[in-house]
Amino acid sequence: MSVRVRRVYEPPESADGVRVLVDRLWPRGVSKAEAHIDEWPKALAPSTELRHWYHSDAGSYDEFARRYEAELAAPEAAGLLEHLRESARSGAVTLVTAVRHPEESHASVLARLLSA
C-alpha cells in the first residue's frame with residue numbers, strides 16, 4: 001500500500017496517484033484546478049468541535065488521535081475509510097491537507113489507519 005500525506009500548497013506530482021482532500025473546508029488561496037483533487041470525502045474530516053478543542057491547546061496530539069479514531073468509527077466515516085483502503089490497495093493514494101504540520105494532524109492519523 002502506498003499512502004502519503006502532502007500539503008495542498010505543494011505542487012501535484014505524478015506519483016501522487018489518487019489525491020484525496022481530507023479537510024472539511026476548501027483550502028484558502030488554492031483553485032480547484034491547481035489542487036488536482038480527485039475525491040473530497042468531507043465526512044472523514046474531524047468534527048468542528050474536535051478541531052476547536054485540539055487547536056485551543058487544551059489537548060495533546062495523542063488524545064486528539066484517540067478522539068478522532070472514535071469519530072471515524074461512525075458508519076459514514078467508516079465506509080469512506082474502507083473505500084480509501086480499497087483505493088490504496090489498488091495504487092498510490094495521497095491525502096491532501098492545508099494544515100501547517102501534517103505530521104501532527106488528522107491526515108497523519110488517517111495515513112496510519114490506511115497503512116495498517
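Of the 116 residues in the protein chain, 39% count as buried. The model is predicted. The chain holds five helices and three strands. Its radius of gyration is 13 Å, close to the 13 Å that the globule rule gives for 116 residues, so the chain is as compact as a globular protein of that length.

**Overall fold**
- Along the sequence, the elements follow the pattern β-β-α-α-α-α-β-α.
- The C-alpha atoms fill a box of roughly 40 × 30 × 20 Å, taken along the principal axes.
- Take the contacts between residues at least 6 apart in sequence: 60% of them join residues at least 24 apart.

**Nonpolar cores**
- In soluble globular proteins, nonpolar side chains tend to be buried together.
- Here the largest nonpolar core has 23 residues. L44, Y68, L72, L95 and L110 have the most contacts inside it.
- Helix 2, helix 3 (61-72), helix 4 (75-90), strand 3 (93-97) and helix 5 (106-115) each supply at least two residues of this core.
- Helix 5 gives the largest share, six residues.
- Leaving aside residues up to four places away in sequence, L44 touches Y68, L72, A77, L80, L81, L84 and L110.
- Another core, of five residues, lies apart from the largest one. Among its members are V8, V30, A35 and V96.

**Largest pocket**
- The largest pocket has a volume of about 630 Å³.
- Its lining has 21 residues, and D23, H55, A98, V99 and R100 lie nearest the pocket's centre.
- By type, the lining divides into 10 nonpolar, four polar and seven charged residues.
- Helix 2 (residues 48-55) provides the largest share of the lining, three residues.

Technical notes: Residues are numbered from 1 along each chain as its sequence is written. This is a predicted model: local features need pLDDT of at least 70, side-chain atom pairs count only at pLDDT 80 or more; totals for chains, interfaces and linings use all residues. Side-chain values use heavy atoms; hydrogens and water are left out. On a 1 Å grid over the protein atoms alone, a cavity is a set of points where a 1.4 Å probe fits but cannot get out, and a pocket is an open set with protein on both sides within 12 Å along at least five of seven lines; lining residues have an atom within 4 Å of a point. Grid points are joined across faces, edges and corners, and a volume is the space filled by probe spheres set on the points. Helices (H or I, at least four residues) and strands (E, at least two) are DSSP runs, numbered from the N terminus. Ala, Val, Leu, Ile, Met, Phe, Trp, Tyr, Cys and Pro count as nonpolar, Asp, Glu, Lys and Arg as charged, and the others, Gly among them, as polar. A nonpolar core is a set of buried Ala, Val, Leu, Ile, Met, Phe, Trp, Tyr and Cys residues joined through side-chain atoms within 4.5 Å. Buried means under 20% relative accessible area, exposed over 50%, partly exposed in between (1.4 Å probe, protein chains only). Contact means heavy atoms within 4.5 Å. The radius of gyration is taken over C-alpha atoms; the globule rule is 2.2 Å times the number of residues to the power 0.38.
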